[in-house]
Amino acid sequence: MMLATLFDFPWEDREKLTWWSDVAIANIEAPDAVVHSMEERAAELGKMGEYFRKLWDARASAAPTFDLISMLAHSEATRNLQAREFIGTIALLIVAATTPRAIP
């Protein structure tokens with residue numbers, strides 16, 4: 001929920017964030033994996049990229065706001081990311097924010 005808030009992500013689709021995190025870190029060899037091949041993973045992360053590209057483009061076309069996607073879309077350092085950098089950046093943010101951490 002926090003990541004959806006930080007991204008100003010459509011609330012009704014917030015479960016996609018956890019799904020994409022699970023896809024990104026899945027052990028494709030495991031019987032209970034959410035994806036079972038690199039091709040399947042790439043296809044799902046491609047869907048993530050398409051979804052975020054629409055959000056990104058909409059935010060880039062509007063005045064800057066304080067959500068993370070808008071900040072990235074308007075930043076000199078990140079506004080022109082190549083496709084792989086774009087997907088990698090989004091996936092990294094999602095995985096980092098949604099993967100449970102053990103407290104030592």
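The expected span of a helix is 1.5 Å times one less than its number of residues. In the predicted model described here, helix α3 has 24 residues and should therefore span 34 Å. The C-alpha atoms at the ends of α3 are 34 Å apart, in agreement with that value. Helix α5 was treated in the same way: its 16 residues should span 22 Å, and its end C-alpha atoms are 22 Å apart, which agrees.

Helix α2 comprises residues 15–25, and its buried residues are Leu17, Trp20, Ser21 and Val23. These residues lie on the same side of α2, because the arc they cover around the axis is only 160°. The cover over the buried residues of α2 includes α1 (2–7), α3 (38–61) and α5 (83–98).

The packing of two helices is described by the angle between their axes and the distance between the axes. For α2 and α3 the angle is about 145° and the axes are 9 Å apart. The crossing of this pair is left-handed. On the α2 side, the contact is made by Lys16, Leu17, Trp19, Trp20, Val23, Ala24 and Ile25. On the α3 side, Arg41, Glu44, Leu45, Lys47, Met48, Tyr51 and Phe52 take part. Classified by residue type, the contact of α2 with α3 has 10 nonpolar and 4 charged residues, and no polar ones. Among the α2 residues in the contact, Leu17, Trp20 and Val23 are also among the buried residues of that helix.

The buried residues of α3 are Arg41, Glu44, Leu45, Met48, Gly49, Tyr51, Phe52, Leu55, Trp56 and Arg59. They pack against α1, α2, α4 (68–74) and α5. Arginine 59, in helix α3, has a relative accessibility of 14% and so counts as buried, the cut-off being under 20%. Residues up to four places away in sequence aside, arginine 59 touches Phe7, Asp8, Asp67, Ile69, Ser70 and His74. One of these partners, aspartate 8, is placed in the loop between α1 and α2. Aspartate 8 counts as partly exposed because its relative accessibility is 47%. The phi angle of aspartate 8 is near 50°, a positive value in a residue other than glycine.

Aspartate 57 is also placed in helix α3. With a relative accessible area of 39%, aspartate 57 is partly exposed. Aspartate 57 and alanine 73 are 16 residues apart in sequence, and their C-alpha atoms are 7.6 Å apart in space. The C-alpha atoms of aspartate 57 and isoleucine 28, which are 29 residues apart along the chain, are separated by 32 Å.

Isoleucine 28 is placed in the loop between α2 and α3. Leaving out residues up to four places away in sequence, isoleucine 28 touches Ala33, Val35, His36, Ser37, Met38 and Arg41. Of these partners, Arg41 is one of the buried residues of α3 and takes part in the contact between α2 and α3. Glutamate 29 is found in the loop between α2 and α3 as well. At 68% relative accessibility, glutamate 29 counts as exposed, for which the cut-off is over 50%. Glutamate 29 is 11 residues from glutamate 40 in sequence and 13 Å from it in space, C-alpha to C-alpha.

In α5, the buried residues are Phe86, Ile90, Ala91, Ile94 and Val95. Viewed down the axis of α5, they fall within an arc of 150° and so line one face of the helix. Arg84 and Leu92, on the other side of α5, are exposed. The buried residues of α5 pack against α1, α2, α3 and α4. Isoleucine 90, which lies in helix α5, is buried, with a relative accessible area of 0%. Apart from residues up to four places away in sequence, isoleucine 90 touches Met48, Phe52 and Ile69. Met48 and Phe52 are among the buried residues of α3 and belong to the contact of α3 with α2, while Ile69 is also touched by arginine 59. Isoleucine 90 and alanine 30 are 60 residues apart in sequence, with 25 Å between their C-alpha atoms.

Definitions and conventions: Residues numbered from 1 in each chain as written. Predicted model: local features only at pLDDT ≥ 70, side-chain atom pairs only at ≥ 80, totals over all residues. Heavy atoms only, no water. Buried < 20%, exposed > 50% of the residue type's maximum accessible area, 1.4 Å probe, protein only. Helix = DSSP H or I, 4+ residues; strand = E, 2+ residues; numbered from the N terminus. Arc of directions from axis to C-beta. Contact = heavy atoms within 4.5 Å. Axes fitted to C-alpha atoms, helices over the stretch in contact; angles between N-to-C directions. Left-handed = near helix turned anticlockwise from the far one by under 90°. Nonpolar A, V, L, I, M, F, W, Y, C, P; charged D, E, K, R; others polar.
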